Amino acid sequence: MRRTDQPDETKAQPLPAERLSPEARRQVRRAAFLRPSNLLVVAIGGIFFALTLTWWSIPLTLVTYAVLVFLAARNALFLDSVLERRESRLRMQPAATKPRDDVSPERRARWLPRGPTRQKVEAALEIRQRTTVAIQESDDVVQAILYDAIPKLDEVAERLVDVAHTREKVAGAIQDLETRPGAAHSEAWDTDLAELENELRAADAEISNTFEKLLTLRARVVRVSVESGGATQEAAAKLNADLDEMNLRLDALRSTMSPPGPTDH
């Protein structure tokens, strides 16, 4: 009887944080860092310092914040809440938005013909990889703030390679038009050639632009990792916004550059 009255500890025990997957641990840490009640402590500490200029309020605020984050990351209810939201998002995520696991962008880039386009794309992918590593090797605070940056970088890589492959198809179609024996230079022929050349220039410009932005982005990630406070939050928000813009531009170009088919003009 005594044994029956004891609580069933195995049923109530949450999954320890140490037994979570790396991805789940990052999700929990990020949620703990960005928990509204924890951020409120930082805000109150910042306001108190601004009003009183008492230097000891800064380390006190940071220590209190760190303790709250530590406790939140090991709180059973908080863990369950975060993991349930994560599983719900994964179940609701459309298949089209899930990362590809069949062929990497780096491997697809090696299928491009040798030349300036392939060199530029491979260089951009290398910078993207180094940027991802820089984020992963940052401290927990920076990883939490830049949590969304890594999947966005993956999307940039996928779309950049898609644009590059379509660019090569457009270049091949232009060559076919220009070298076709006995091709009649009709108005329709001129129109097709002009449209293809415009698409080619747009693709070249966007590939170069993406390369330059990724190069700048890596330097900004390094800067975020050494900054602190509100400057870090602001820089991270700007960085994520720029990644969103890069993905939108590449996606828009990819959708307008449908692979050319045979022309009969």
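Reply: Contact means heavy atoms within 4.5 Å. Helices (H or I, at least four residues) and strands (E, at least two) are DSSP runs, numbered from the N terminus. This is a predicted model: local features need pLDDT of at least 70, side-chain atom pairs count only at pLDDT 80 or more, and totals for chains, interfaces and linings use all residues. Residues are numbered from 1 along each chain as its sequence is written, and side-chain values use heavy atoms, with hydrogens and water left out.

Me: How many helices and strands does the protein have?
Reply: From the N terminus on, the elements run α-α-α-α-α-α-α-α-α-α-α-α. The count is 12 helices and 0 strands.

Me: What percentage of contacts in the protein between residues at least 6 apart in sequence join residues at least 24 apart?
Reply: The contacts considered here are those between residues at least 6 apart in sequence. The share joining residues at least 24 apart is 73%.

Me: Is H8 roughly parallel or roughly antiparallel to H10?
Reply: The axes of H8 (residues 116-136) and H10 (residues 149-179) come within 10 Å and cross at roughly 175°. Axes are lines fitted to C-alpha atoms, for helices over the stretch in contact, and angles run from 0 to 180 degrees between N-to-C directions. Angles under 35 degrees count as roughly parallel, over 145 as roughly antiparallel, 65 to 115 as roughly perpendicular and the rest as oblique. The crossing angle therefore makes H8, relative to H10, roughly antiparallel.

Me: Which residues in H10 meet H8?
Reply: On the H8 side the residues are Thr117, Val121, Ala124, Leu125, Arg128, Thr131, Thr132, Ile135 and Gln136. Their partners in H10 are Ala149, Ile150, Leu153, Asp154, Ala157, Leu160, Val161, Ala164, Arg167 and Glu168.

Me: Is threonine 117 buried or exposed?
Reply: Threonine 117 lies in helix H8. Buried means under 20% relative accessible area, exposed over 50%, partly exposed in between (1.4 Å probe, protein chains only). At 9% relative accessibility, threonine 117 counts as buried.

Me: With which side chain does the side chain of threonine 117 make a polar contact?
Reply: Not counting residues up to four places away in sequence, threonine 117 touches Ala164, Arg167, Glu168, Asp204 and Ile207. A polar contact is a pair of N or O atoms within 3.5 Å; within protein, one must be able to donate a hydrogen and the other to accept it, and residues adjacent in sequence count only if both atoms are side-chain atoms. At 3.4 Å, the partner side chain is that of glutamate 168.
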